[in-house]
Amino acid sequence: NPAARSRPGAWGGSSSSAMQANGAGGGGQQQPPPPQGPAGPELGCLAAQNGEASSGSAAGEPLAHANGLLPSASAANSSGGGSSPGGLSVNNGVPAAGGPGSAAAELGGGGGGSALKKKKRLSQSDEDVIRLIGQHLHGLGLNQTVDLLMQESGCRLEHPSATKFRNHVMEGEWDKAENDLNELKPLVHSPHAIVRMKFLLLQQKYLEYLEDGKVLEALQVLRCELTPLKYNTDRIHVLSGYLMCSHAEDLRAKAEWEGKGTASRSKLLDKLQTYLPPSVMLPPRRLQNLLRQAVELQRDRCLYHNTKLDNNLDSVSLLIDHVCSRKQFPCYTQQILTEHCNEVWFCKFSNDGTKLATGSKDTTVIIWQVDPDTHQLKLLKTLEGHAYGVSYIAWSPDDNYLVACGPDDCSELWLWNVQTGELRTKMSQSHEDSLTSVAWNPDGKRFVTGGQRGQFYQCDLDGNLLDSWEGVRVQCLWCLSDGKTVLASDTHQRIRGYNFEDLTDRNIVQEDHPIMSFTISKNGRLALLNVATQGVHLWDLQDRVLVRKYQGVTQGFYTIHSCFGGHNEDFIASGSEDHKVYIWHKRSELPIAELTGHTRTVNCVSWNPQIPSMMASASDDGTVRIWGPAPFIDNQDIEGKATSMYI
């Protein structure tokens, strides 16, 4: 049959020859050619698809499969698309014929059998997936596999004009690439996109000429090709300055450009692609980006995800969904510290996570050392002499010093050298003062302190008064990272920002009930408030809006300190007057865990900033509990086990 083609997937046929297409028998009747687009057969879907019959070749030529592979011997020896009973002809591992249930039997088995059932057309999503897989395989260099995939599926990886354009860009054939842009023009949605794409092309062409020392050619591109575009004249001025570069290294450094070659041209292609619809050319590394987004979404939805975020797909398995067990979360009592002999009012891990400081009504501060391997704590130092008890502690930014404050009737403040255990400063401005809160300036050389009787001071490490703010009744303090602004909650149920340099202040947060305590996230964006009779509130300081009210905690008029914690500060923990510790995921109002074990009010919680699986809680029951993951042996009767709150 002279009309038959040897190209894989071509249409036509004869009664004496047939092609097995992935298990479907070939019919003897000649089939009409498929409809083709204006650009020829390359633009339309290829006819040979899985399960569809295709023609044989001319008489005497070997039979070809739809995937371009030679058929097996049994298929080649059978006539009219049939085979001997029980014989198997395999194409890509799929039986092609044989037995009463075979495709040949269904189709009549003879040379002039009934019309073939056409394969159902691929859905749009199926075609998208095939293209994504093809792009990924192409990136791995498996080009023959890509050709076979596109051929069998009847899809195309990208528009033929885009393929030409890609090749010409990667080969540095700039004139041909410009001509390709004219072909792509009808396919581009934005009328200005072609101008921008041409500008990017000519910019690369110009830089490559300069790197090769072809200054005259580069100047010609600048004057006669780039400038007439009348696009981004500021950039053209910058490009003209590169003419003064004395050598290639200088050019690459000033232009922040990788130089002539695959790297810079690939980056150029990535930029150019953004102007083309995905139906013409897929965005670069599209499959990898989709998979990465899927992994990130699963992590975001994981209530207990508490490990460092790694966007590298090699660090996860794509074969299973991401899930973190509650047993990996700090929900279980690892250690109970009983050295205090009265209520424990405060606890705080050092910035480097190696120490824990606890303050108690028993007039002492105890410094605990964290074992980096076992995560067990042991007593390091006891700092004594705080006659009124210790209700607040602040570590200096370098962890060398620690400031301790007392309750409302305490007018003194203690500054301790943590390394030596010596008292560096005991500060008291007036016996009528109330110094109940303190915060370090980020420079580590100053701190601010205040209380509800109207004192608000800035001091140096020797306790010398540097500045004071009159009439501010302070409940809690925090220094922002700018080194200038101090946030203070006051008796007017608000948090205000005070600038000690220009003596200005402004309102930031306004609540309807007293703010008992607050803490700020590492990035300075979020504030976590414990509000009397209301519980725990999350505020956005930049937008000055209430983001979320967390449920479950019991908060009266006790001062309870909550905290951010975990990797990326994704979690929030707070003590409660119902003797529990509550943990929330930052984005969810309902608790993901309630930790039991304490027998009286839990006054304070602190999450280790360097060990995301470690948390401490201090209680009026006189103990400090260290919380961590479940032990290796799962004991449901463990003291201080967590109750999971599924949402």
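A residue counts as buried under 20% relative accessible area, as exposed over 50%, and as partly exposed in between, with a 1.4 Å probe and protein chains only. Thr 364 therefore counts as buried, at 10% relative accessibility.

**Basis of the description**

This is a predicted model, in which local features need a pLDDT of at least 70 and side-chain atom pairs count only at pLDDT 80 or more, whereas totals for chains, interfaces and linings use all residues. Residues are numbered from 1 along each chain as its sequence is written, and side-chain values use heavy atoms, with hydrogens and water left out.

**Overall make-up and confidence**

The protein has 12 helices and 31 strands; helices (H or I, at least four residues) and strands (E, at least two) are DSSP runs numbered from the N terminus. Of its 647 residues, 49% count as buried. The protein exposes about 31,000 Å², of which carbon and sulfur atoms supply 50%; accessible areas come from the Shrake-Rupley method with a 1.4 Å probe, and for residues only the protein chains shown count as cover. A contact means heavy atoms within 4.5 Å. Among contacts with a separation of 6 or more, 51% are between residues 24 or more positions apart.

The average pLDDT, the predictor's confidence in each residue from 0 to 100, is 80 for the protein, and 79% of the residues score at least 70. Over residues 1-117 pLDDT stays under 50, and the model has 183 contacts beyond four places in sequence for them. Residues 633-647 also have pLDDT under 50, with 35 contacts beyond four places in sequence.

**Strand pairs and hairpins**

Two strands pair if DSSP finds at least two bridges between them.

| Strand pair | Bridges | Facing residues | Residues between strands | Positive phi |
|---|---|---|---|---|
| E18 and E19 (residues 504-510) | six | Arg 496 and Asn 507 | four | Leu 503, about 55° |
| E22 (residues 535-540) and E23 (residues 545-550) | five | Val 536 and Tyr 550 | four | Arg 544, about 55° |

**Nonpolar cores**

A nonpolar core is a set of buried Ala, Val, Leu, Ile, Met, Phe, Trp, Tyr and Cys residues joined through side-chain atoms within 4.5 Å. The largest has 45 residues, among which Leu 356, Val 365 and Leu 402 touch the most other members. Beyond four places in sequence, the residues touched by Val 365 include Ala 357, Leu 383, Val 390, Ile 393, Leu 402 and Ala 404. A second, separate core of 21 residues includes Leu 303, Cys 331, Val 602 and Trp 627.

**Individual residues**

Thr 364 lies in the loop between strand E5 (355-360) and strand E6 (365-370). Its side chain makes a polar contact with the side chain of His 340, at 3.4 Å; such a contact is a pair of N or O atoms within 3.5 Å, in which, within protein, one must be able to donate a hydrogen and the other to accept it, and residues adjacent in sequence count only if both atoms are side-chain atoms. Beyond four places in sequence, Thr 364 also touches residues including Thr 382, Leu 383, Glu 384 and Val 390.

Ser 613 is in the loop between strand E28 (602-607) and strand E29 (615-619), and counts as buried because its relative accessibility is 18%. Leaving aside residues up to four places away in sequence, Ser 613 touches Asn 306, Pro 330, His 375, Trp 627, Gly 628 and Pro 629.

Ala 248 belongs to helix H10 (residues 248-255) and is partly exposed, at 22% relative accessibility. Ala 248 and Asp 212 are 36 residues apart in sequence, with 7.8 Å between their C-alpha atoms.

Asn 312, in the loop between helix H12 (286-301) and strand E3 (332-337), is partly exposed because its relative accessible area is 40%.
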